[in-house]
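Okay, thanks for coming, everyone.

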Amino acid sequence: MATTELQARVSNEALGPVIELVGDVDGRAEQALDAAYTEAGDAAGVMLDFHGVAYMNSTGIALIVGLLARARTSGQTLSVRGLTPHYREIFEITRLADFMTIVDEEEGSA
Amino acid sequence: MTALAQTWRKVTRRGGEPTAETTDEVTVTVSTVEAPSVEIAPNDPLVAYLQGAGGAVDVEKLELESPGVTALREAGVALVVPLISGGELVGTLNLGSRLSDQQYSTDDRRLLDGLAAQAAPALQVAELVQKQAAEARSRERIEQELKVAQLIQQNFLPRVLPDLPGWEVAAYYQPAREVGGDFYDLFELPDGRVAVVIGDVTDKGVPAAMVMAAARSLLRASGQRVVSPGEVLQRVNDLLCPDIPDKMFVTCLYAVVDPATGHVRYANAGHNLPYVRTADGSTELRAKGMPLGLLPGMSYEEHEAVMSPGDGLLLYSDGVTEAHGPEREMFGTPRLVEHVADPASGDLIDGLLTRLQRFTGADWEQEDDITLVTLRRTLAAGGQNGRVSGLELRFTLPSEAGNEREGMRRVLEAIEPLGLEARRVERLGTAVSEATMNAIEHGNQGRADIPVEIEVVTLGSELVVRICDVGDGPTATDVESPDLEAKLAGLQKPRGWGLFLIENMVDEIRVSDADGRHTVELVLQLKGGDGDGDD
């Protein structure tokens with residue numbers, strides 16, 4: 001299984017800044033994730049797009065926890081979309097789902 | 001007595017003698033004559049006398065009753081100059097009488113004594129050099145012989161072990177520096193059963209290796225023709241007896257295993273008794289018989305045992321049980337049996353070797369060959385009652401960050417035939433990846449040369465993934481359970497999700513520590529599970 005270092009791109013959508021994640025959310029993703037989050041700025045809410053993520057591990061979860069902690073101190077909300085059912089389950093087990101809005105995908109199928 | 005300076009160098013000056021070309025010139029001929037050998041025994045009183053003489057000695061004037069003096073006189077020696085180095089007599093300069101028939105003058109003697117004083121230490125050094133060269137040659141010859149013995153040995157050990165569905169076959173062979181006569185063999189028989197052989201030839205080096213090669217070939221040839229283990233040993237014994245060198249013999253355990261049923265028929269020619277690790281402890285496989293090559297016409301008891309799924313058979317050589325600890329205490333059979341009986345003590349080979357290593361200590365020089373052969377029945381062949389059969393995988397990964405992905409990939413590939421629900425497969429993948437990451441980072445401390453071992457087996461209705469490290473780091477179970485609110489509030493580190501995830505991804509997690517190995521077993525129930533209704 002080829003490992004792919006995470007690429008994080010920031011785009012602006014109507015709902016606000018979206019960080020599009022492509023690759024693996026693991027220990028090597030820290031820089032890309034932090035840089036993108038800083039770039040997203042201090043909008044009221046930031047969306048993490050997981051469509052391009054095929055693998056996430058516990059170190060990756062720790063990075064998301066780090067982002068969430070930053071968001072909370074600056075009064076931002078953090079949302080997630082594009083989670084596979086497996087990673088959605090992990091967001092629920094770890095209770096990340098209690099602190100982030102998980103956007104269901106059905107409406108975006110167009 | 002050490003070598004004597006025994007070359008007489010005669011300088012002859014012939015004046016006015018007729019030569020082929022008549023000339024008035026004086027011809028000087030230098031001729032070297034080998035002196036007759038004069039042996040002086042180390043206990044001859046002459047030795048002590050010369051040691052204390054302090055200079056050249058006239059043989060004629062010697063008043064000593066000694067065979068050495070007699071020998072010197074018979075050889076025509078007139079003057080003996082002792083060569084003393086470091087207070088020790090290292091040789092003598094023996095001179096015949098002067099050609100002029102005159103006595104040696106004081107000047108002659110002074111010259112000779114001076115020469116002796118120079119020559120003695122030089123002679124001693126030369127002797128030392130010669131001795132060392134001889135020792136080096138002899139060492140080289142021994143090394144060469146060791147290599148030959150190793151070569152023979154290695155050429156007669158199986159290069160590949162048979163692949164038996166539903167069985168895990170492993171062998172370990174480590175020759176001692178001076179190769180002993182251990183051997184083992186596994187080969188498939190025409191009817192699908194498998195012969196398993198372990199043996200030990202008395203003696204070491206090339207002779208043992210030659211006998212081992214012969215015994216192994218005879219066992220293979222007889223084994224292909226006769227199925228009864230007792231009969232095989234009887235034949236090989238009769239064939240070996242006329243040719244085997246005196247005082248040499250071969251101990252040998254010969255077993256025939258039926259992979260389909262777990263039946264083991266075996267006979268023993270004086271070899272260490274094998275043991276089976278069972279769910280209840282251990283069983284000794286007992287059978288009596290004389291070693292091969294001692295007496296012709298012997299018969300060998302034959303017995304049978306049945307191995308159930310999960311049972312493991314261990315064959316070994318006495319290099320294990322007779323290994324000594326630093327206090328000269330022997331490892332012994334009881335320790336071996338204890339290891340076999342305790343499943344928590346780890347793998348039959350690796351675990352045993354770790355235990356042996358701990359017993360003998362780091363400075364141990366292996367005394368004898370060590371050979372271990374194991375056969376473990378992993379599951380019931382045939383797959384009754386929806387049991388999955390034939391699934392097993394074992395591999396290792398270097399402890400390098402990122403390799404957990406490869407571990408996960410290989411495990412998931414191996415369980416594909418089970419047809420598990422995609423969601424359960426993904427969960428297991430995450431659990432494997434996390435447990436492997438722990439093994440790499442914590443257990444093996446990221447030391448690439450220490451591998452993480454991963455094993456996938458189906459045992460009854462369970463799928464088990466074992467992930468094994470050397471357990472040097474803090475155990476994952478010591479980690480506090482993660483609390484997201486505490487983490488967000490900065491009261492806990494953001495990390496520490498690994499074990500928590502694993503626990504939530506599989507049906508059961510079993511952690512064990514034994515023999516310096518830390519094992520995490522991830523268990524999925526193949527039946528029931530998530531109410532998944534596949535056949």
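This is a predicted model: local features need pLDDT of at least 70, side-chain atom pairs count only at pLDDT 80 or more; totals for chains, interfaces and linings use all residues.

Residues are numbered from 1 along each chain as its sequence is written, while chains are lettered from A and ligands numbered from 1 in the order in which they are written.

So, chain A. It has four helices and five strands, and along the sequence they come as β-β-α-β-α-β-α-α-β. Of the 110 residues in chain A, 35% are buried. Buried means 20 or more other C-beta atoms within 10 Å of the residue's own, exposed means 12 or fewer, and partly exposed is in between, with C-beta atoms placed from the backbone.

Strand E1 (residues 7-13) and strand E2 (residues 16-25) of chain A pair antiparallel over seven bridges; for pairing, DSSP has to find at least two bridges between the strands. Those two make a hairpin, with two residues between them, and A:Ala8 has A:Leu21 in E2(A) as its bridge partner. Then E2(A) also joins E3(A), parallel this time, through seven bridges. There, A:Ile19 is partnered with A:Leu48 in E3(A).

Now look at helix H3 of chain A, residues 85-93. Which of its residues are buried? They are A:Tyr87, A:Ile90 and A:Phe91. Down the axis of H3(A), those buried residues fall within an arc of 100°, so they line one face of the helix. The arc is taken over the directions from the helix axis to the C-beta atoms. And what do they pack against? In chain A, strand E3 (45-56), strand E4 (77-81), helix H4 (96-99) and strand E5 (101-103), plus helix H12 (498-505) of chain B. Just past H3(A), A:Arg95 has a positive phi of about 70°.

That takes us to the contact between the chains. Here 21 residues of chain B are in contact with 20 residues of chain A, contact being C-beta atoms, placed from the backbone, within 7 Å. On the chain B side, helix H9 (403-415), H10, helix H11 (484-488) and H12 each supply at least two residues. H10(B) gives the most, with six. By class, that side has seven nonpolar, five polar and nine charged residues. The classes go like this: Ala, Val, Leu, Ile, Met, Phe, Trp, Tyr, Cys and Pro are nonpolar, Asp, Glu, Lys and Arg are charged, and the others, Gly among them, are polar.

Next, chain B itself, with 12 helices and 20 strands. Of its 535 residues, 35% count as buried.

Helix H10 (residues 422-443) of chain B packs with H12(B) at about 145°, axes 9 Å apart. Axes are lines fitted to C-alpha atoms, for helices over the stretch in contact, and angles run from 0 to 180 degrees between N-to-C directions. The residues of that contact split into seven nonpolar, three polar and two charged.

Elsewhere in chain B there's an open sheet of five strands, ordered E7-E8-E9-E10-E13, with antiparallel pairing. Its edges are strand E7 (181-188) and strand E13 (303-306), each pairing on one side only. The twist averages 15° from one strand to the next. Inside it, strand E9 (residues 250-257) and strand E10 (residues 263-269) of chain B pair over six bridges, and B:Cys252 has B:Ala269 in E10(B) as its bridge partner. Helix H4 (residues 205-225) of chain B lies across E7, strand E8 (194-201) and E9, at about 20° to E7(B).

Last stop: B:Leu336, in helix H7 (residues 332-341) of chain B. Buried or exposed? B:Leu336 is buried, because 20 other C-beta atoms lie within 10 Å. Leaving aside neighbours within four places in sequence, B:Leu336 is in contact with B:Tyr316, B:Val320 and B:Thr321.

Key: Two residues are in contact if their C-beta atoms, placed from the backbone, lie within 7 Å.
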